[in-house]
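This report covers selected side-chain features of one model. Please look at the sequence and structure below before reading on.

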Amino acid sequence: MLVIYCEAHHAASLRDQRSYCGELLCPDCLLLDDYAILRTERCRTMDVKTSCEECGNHCYEPAMRQAIREVMRYSGPRMLKKHPIAALRHLLKR
């Protein structure tokens, strides 16, 4: 989702950093990617919850939570075109 967002909102010349999944991101999006990966790895309930929104313990800082919401709001609908199988798997987990 971050790659879709970054490609649409940031210049190609800025995307020179490799994300966790190996795609190119700008430094700002890379910080958000690193933060999300760290929080996911440290989450104690990741194996039983369906989404962070339903979790009783919000581990994202408010600013980062808002930033990731913006990314998901933009990228979610566009995932059906770019990665339809991944989008369907994400929707079926609910």
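## Ala 86 and helix α4

Ala 86 is located in helix α4; helices here are DSSP runs of H or I with at least four residues, strands are runs of E with at least two, and both are numbered from the N terminus. With a relative accessible area of 29%, Ala 86 is partly exposed (buried means under 20%, exposed over 50%, and partly exposed in between, with a 1.4 Å probe and protein chains only). Ala 86 and Asp 28 are separated by 58 residues in sequence and by 24 Å in space, C-alpha to C-alpha.

The model is predicted: local features need pLDDT of at least 70 and side-chain atom pairs count only at pLDDT 80 or more, while totals for chains, interfaces and linings use all residues. Residues are numbered from 1 along each chain as its sequence is written, and side-chain values use heavy atoms, with hydrogens and water left out.

## Nonpolar patch

Leu 80, Leu 88, Leu 91 and Leu 92 make a nonpolar surface patch of about 430 Å². Patch residues have over 30% relative accessible area and no salt bridge; nonpolar side chains (Val, Leu, Ile, Met, Phe, Trp, Tyr) are joined within 5 Å, and like charges within 9 Å. A salt bridge is a side-chain nitrogen of Lys or Arg within 4 Å of a carboxyl oxygen of Asp or Glu. Areas come from the Shrake-Rupley method with a 1.4 Å probe, and for residues only the protein chains shown count as cover.

Helix α4 (residues 84-92) gives the most to this patch, with 3 residues. Leu 91 has its place in helix α4.

## Aromatic pairs

The count is 2 aromatic pairs. Rings of Phe, Tyr and Trp (its six-membered ring) pair if their centres lie within 6.5 Å; planes under 30 degrees apart are stacked, over 60 edge-to-face, and the rest tilted. Tyr 5 and Tyr 74 have ring centres 5.9 Å apart and planes at 80 degrees, so this pair is edge-to-face. Tyr 5 is in helix α1 (residues 2-9) and Tyr 74 in helix α3 (residues 62-82), so the pair ties together parts 69 residues apart in sequence. Tyr 5 counts as buried at 10% relative accessibility, and Tyr 74 as partly exposed at 23%.

Tyr 35 and Tyr 60 have ring centres 5.3 Å apart and planes at 90 degrees, so this pair is also edge-to-face. The pair links distant parts of the chain, 25 residues apart: Tyr 35 is in helix α2 (residues 27-42) and Tyr 60 in the loop between α2 and α3. Tyr 35 is buried at 11% relative accessibility, and Tyr 60 is buried at 13%.

## Charge over a ring

Arg 78 lies over the face of Tyr 74, 3.7 Å from the ring centre (the rule asks for NZ of Lys or CZ of Arg within 6 Å of the ring centre and within 35 degrees of the ring normal).
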